[in-house]
Amino acid sequence: MTDTVKLVSLAVATPEHVITQNQAAEASARLFANRFEDFRHLARVFDSAGIEKRHAARPLAWFDEPHGWQDRMEAYAEVAGGLFVETATSALRRAGLKPSDVDCVVTVSSTGFTTPSLDAQLARRVGFRAEIERVPVFGLGCAAGVSGFAIASRLARSRPGAVVLFVSVELCTLAFRLDELTRPNIIATALFGDGAAACVLRAGGDGLAQVESTGEHLFPDTLDIMGWKIDDGGFGIVLAQSLPPFAEKELGPAVAGILARNGLKAEDIGRFICHPGGMKVLAAMESALSLVPGTLDHERAVLAEYGNMSSPTVLFVLERVIRAGLPERAAMIAMGPGFSASCVTLRRPV
């Protein structure tokens, strides 16, 4: 069918700087232990997070000094711009396409911003046509890897043959705050890293996977679970302790509802491809989706190697699942601010 949307190619990238979990733990102890009385109790998260290292937009020494909006957004524009170009160029090359072939670009990011948006600032550098359609999306957080992918796939479906480029880029480490003596800030220091991913989507032709369905669920009265607190110093993370138990209780019914609206059941899914928000969240997702503990192995491997990069992380997992062999049907799932859940089902190409 010519209106079937295919994932044609996928590329991922990370910044050059690497911070090991031991380095992150030592730096956090140096910066917080004498100022935050609960730090020693919270420091155990560095050992239990399941993370070995992460990539960062700036070297470790940069985080020893306070930074305001200007410093953070200058770093964002530089590094996010480079990752955008790298992943977009790589994804197009793998698809056998030129930048001038792109009809529409969807860009998701919630860890920084530029105006004009990244896609406009980089259009000439990448080689986009003047008439390209741009859809920059801010605020979807960790869910944006799936929900942004869904937006891009629906745009591709509406215009058979059009080339839609989807780019997800996040620099979570730039939100690190020396002045935030809070539990969420310490947890974030142990969990988050930086990265980017890009996909080419097109209706018709061949591809790595066939996009079958998309759906979302917005949970009422949950604005305090995850998000940003924005003040003069920059982004401050909102991250509730209730997230893992909430996911364990609520994710299953939400995903079942999304699947049912598309004529599917959980039993139809050969592999769930989940955003690895953290080890506790992964365990909660396995319970919620009635999976054997340890099933989400690629998720844990990505978490260990890169940390939680927010939106692109699930696409790093998708890349590994495709490399290992996509089952007949898979479902990508991510949760994010709202609080929300997003789901995209994929079919193995025939």
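Helices (H or I, at least four residues) and strands (E, at least two residues) are DSSP runs, numbered from the N terminus. The model on display is predicted: local features need pLDDT of at least 70, side-chain atom pairs count only at pLDDT 80 or more, and totals for chains, interfaces and linings use all residues. Residues are numbered from 1 along each chain as its sequence is written, and side-chain values use heavy atoms, with hydrogens and water left out.

**The two annotated regions**

Select residues 7-203 to begin. UniProt, in an unreviewed entry, lists this range as "domain: Chalcone/stilbene synthase N-terminal"; UniProt positions are given in the numbering used here, feature names are shortened, and annotations may be inferred rather than shown by experiment.

Select residues 212-326 next. The unreviewed UniProt entry gives this range as "domain: Chalcone/stilbene synthase C-terminal". Over residues 212-326 the chain is 44% helix and 20% strand, and 14 Å separates the end C-alpha atoms.

**The sheet**

Strands of a sheet pair through backbone hydrogen bonds, either parallel or antiparallel. Display the nine strands of the open sheet, whose order is E5-E4-E6-E7-E1-E8-E13-E12-E11 with mixed pairing; two strands pair if DSSP finds at least two bridges between them. At the edges stand strand E5 (133-137) and strand E11 (271-274), each with a single partner strand, so one side of each has no neighbour in the sheet. From one strand to the next, the twist averages 25°.

Within this sheet, select strand E1 (residues 5-13) together with strand E7 (residues 194-203): the two run antiparallel and are joined by eight bridges. Val12 can be found opposite Ala197 in E7.

Two packed helices are described by the angle between their axes and the distance between the axes. Here axes are lines fitted to C-alpha atoms, for helices over the stretch in contact, and angles run from 0 to 180 degrees between N-to-C directions. Angles under 35 degrees count as roughly parallel, over 145 as roughly antiparallel, 65 to 115 as roughly perpendicular and the rest as oblique.

Select helix H9 (residues 243-261) and H10, whose axes come within 8 Å and cross at roughly 20°. H9 and H10 are therefore roughly parallel to each other. Their crossing is right-handed; a crossing is left-handed if the near helix is turned anticlockwise from the far one by less than a right angle, and right-handed if clockwise. Contact means heavy atoms within 4.5 Å. Leu243, Pro244, Ala247, Glu248, Leu251 and Gly252 of H9 make the contact with Lys280, Val281, Ala284, Met285, Ser287 and Ala288 of H10. This contact has eight nonpolar, two polar and two charged residues, where Ala, Val, Leu, Ile, Met, Phe, Trp, Tyr, Cys and Pro count as nonpolar, Asp, Glu, Lys and Arg as charged, and the others, Gly among them, as polar.

Met279, Leu282, Ala283 and Glu286 in H10 meet Glu299, Arg300 and Leu303 in H11. The residues of this contact comprise four nonpolar, no polar and three charged.

Move on to H11 with helix H12 (residues 313-324), where the axes are 9 Å apart and the packing angle is about 125°. The two helices, H11 and H12, are therefore oblique to each other, and their crossing is right-handed. On the H11 side, the contact residues are His298, Glu299, Ala301, Val302, Glu305 and Tyr306; H12 contributes Thr313, Phe316, Val317, Arg320, Val321 and Ala324. By class, the contact of H11 with H12 has seven nonpolar, two polar and three charged residues.

**Backbone details in the loops**

Select Thr115 and Pro116, which are joined by a cis peptide bond with omega about 0°. Pro116 belongs to the loop between strand E4 (104-108) and helix H5 (118-121).

Go next to Gly338 and Phe339, where a cis peptide bond has omega about -10°. Phe339 is located in the loop between strand E12 (329-336) and strand E13 (340-347).

Finish at Asp221, in the loop between strand E8 (209-218) and strand E9 (226-231). Phi of Asp221, a residue other than glycine, is positive, near 60°.
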